[in-house]
Amino acid sequence: MTATLTEVMGAERQGTGLRDPETMLEIWVTRRNGEWVIVQNYANGTSCIVAMGEHWEASLAGPA
């Protein structure tokens, strides 16, 4: 899936986070058109796309 996201879509991973001890989520963004994809990765090695969208807007981390 990583090869497809990077080579075919031109996406870059923007962040990751643990959902639970067995599951990690990744956010991938294609900068040229603002499309985004959320990928869920399981400890057993499988992955799936759980959401896709358009018009990604990055925000700077910092105090609220």
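This passage describes the fold, surface and selected residues of one predicted protein chain. In this predicted model, local features need pLDDT of at least 70 and side-chain atom pairs count only at pLDDT 80 or more, while totals for chains, interfaces and linings use all residues. Residues are numbered from 1 along each chain as its sequence is written, and side-chain values use heavy atoms, with hydrogens and water left out.

Taken along the principal axes, the box filled by the C-alpha atoms is roughly 35 × 30 × 15 Å. Contact is defined as heavy atoms within 4.5 Å. Of the contacts between residues at least 6 apart in sequence, 13% join residues at least 24 apart.

Of the 64 residues in the chain, 19% are buried; buried means under 20% relative accessible area, exposed over 50%, and partly exposed in between (1.4 Å probe, protein chains only). The chain exposes about 4800 Å², of which carbon and sulfur atoms supply 54%. Accessible areas come from the Shrake-Rupley method with a 1.4 Å probe, and for residues only the protein chains shown count as cover. The chain has 4 positive and 8 negative charges, and their mean positions are 3 Å apart. Lys and Arg count as positive and Asp and Glu as negative, without His and the chain ends; each charge is placed at NZ of Lys, CZ of Arg, CG of Asp or CD of Glu.

Strand S2 spans residues 23-30 and includes Thr23. Thr23 counts as buried because its relative accessible area is 6%. Beyond its neighbours within four places in sequence, Thr23 is in contact with Gly17, Leu18, Gln40, Asn41 and Tyr42.

Strand S4 covers residues 47-53 and holds Ile49; Ser47 also lies in strand S4. With a relative accessible area of 33%, Ser47 is partly exposed. Apart from residues up to four places away in sequence, Ser47 touches Met1, Val39, Gln40 and Asn41. Ser47 and Thr2 are 45 residues apart in sequence, and their C-alpha atoms are 9.8 Å apart in space. Ile49 is partly exposed, at 41% relative accessibility.

Together with Met1 and Met52, Ile49 forms a nonpolar surface patch with about 300 Å² of accessible area. Patches are made of residues with over 30% relative accessible area and no salt bridge, joined within 9 Å for like charges and within 5 Å for nonpolar side chains (Val, Leu, Ile, Met, Phe, Trp, Tyr). A salt bridge is a side-chain nitrogen of Lys or Arg within 4 Å of a carboxyl oxygen of Asp or Glu.

Methods
Helices (H or I, at least four residues) and strands (E, at least two) are DSSP runs, numbered from the N terminus.
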